[in-house]
Amino acid sequence: MSTPLADTTNPDLELLYAVNGLAKRSPQWLDHLVSWIGEYGILIGLAMLGLVAWLQARRRPDAPVAMAGLLWVPLSVAVAELANLPIAAIVNRPRPFVDHSGLLVLVDGKAGTHSFVSDHSTMTMGVAVALFLVNRRLGWIAGGLALLQGFCRMFMGVHYPTDVIGGFALAVAVVLLLAPIAMAVLVPFCHALSRTAVAPLIQASGRGGGARGGTGTGPRGRRRGRGAVRTGEQPPESDLAA
């Protein structure tokens, strides 16, 4: 038996009907497109953003630190999804179309699953917030995709608005609260990896070369101009975002 949370407030249900009503008035091809985007497309887009972030992070002077932040992206999503398991079981909220008629459901196989909180919303916002800590520009793009994901889940008729908001809140809490602990472990780990055979995955060739192949104090180093970084200077590791 579901908890009282299944009896949603009027604003929650009214907003769901309003957004899902757009699906009823849309052509079938658009419904199929939104369904694919909401189920798979946005996740694929976030994976591509992660690849871009990795390529950029390898070229940063603080590449091991940036890579530690990128490792926290999938790890934080995994932790948030694990945290959602007991939450979903305790709340035990059925999908909106189970308790309310008149909704157009655009994806099958959701009837026996929990509605609160939205897994897709949790995953996408988790990626967005964790990515923002490393690369602000890509983080903003991912944040836009996360908001679009929440809209798509309501458009598809499989989540209440509060399911989406709950997923966003869970993701933000997990990413930000656990980030200091995660970075305390991941930063030394990535520094250690940068001294192994997998170093090219951590930093691009030529980056961090001061410790490997010359300090830049020769003639070439003197020609770098006034803006050159002095030998031994490193950007502060506490600010990951580019």
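Guide: The protein chain has an accessible surface of about 13100 Å², of which 66% belongs to carbon and sulfur atoms, as given by the Shrake-Rupley method with a 1.4 Å probe. This is a predicted model, in which local features need pLDDT of at least 70 and side-chain atom pairs count only at pLDDT 80 or more, whereas totals for chains, interfaces and linings use all residues. Residues are numbered from 1 along each chain as its sequence is written, and side-chain values use heavy atoms, with hydrogens and water left out.

Visitor: Why is the pair of Phe 132 and Trp 140 called edge-to-face?

Guide: Rings of Phe, Tyr and Trp (its six-membered ring) pair if their centres lie within 6.5 Å, and planes under 30 degrees apart count as stacked, over 60 as edge-to-face and the rest as tilted. The count comes to two aromatic pairs. In one of them, the centres of Phe 132 and Trp 140 are 5.5 Å apart and the planes stand at 80°, so the pair is edge-to-face.

Visitor: How do you know whether Phe 155 is buried or exposed?

Guide: Buried means under 20% relative accessible area, exposed over 50%, and partly exposed in between (1.4 Å probe, protein chains only). Phe 155 has 4%, so Phe 155 is buried, whereas Phe 151, at 33%, counts as partly exposed.
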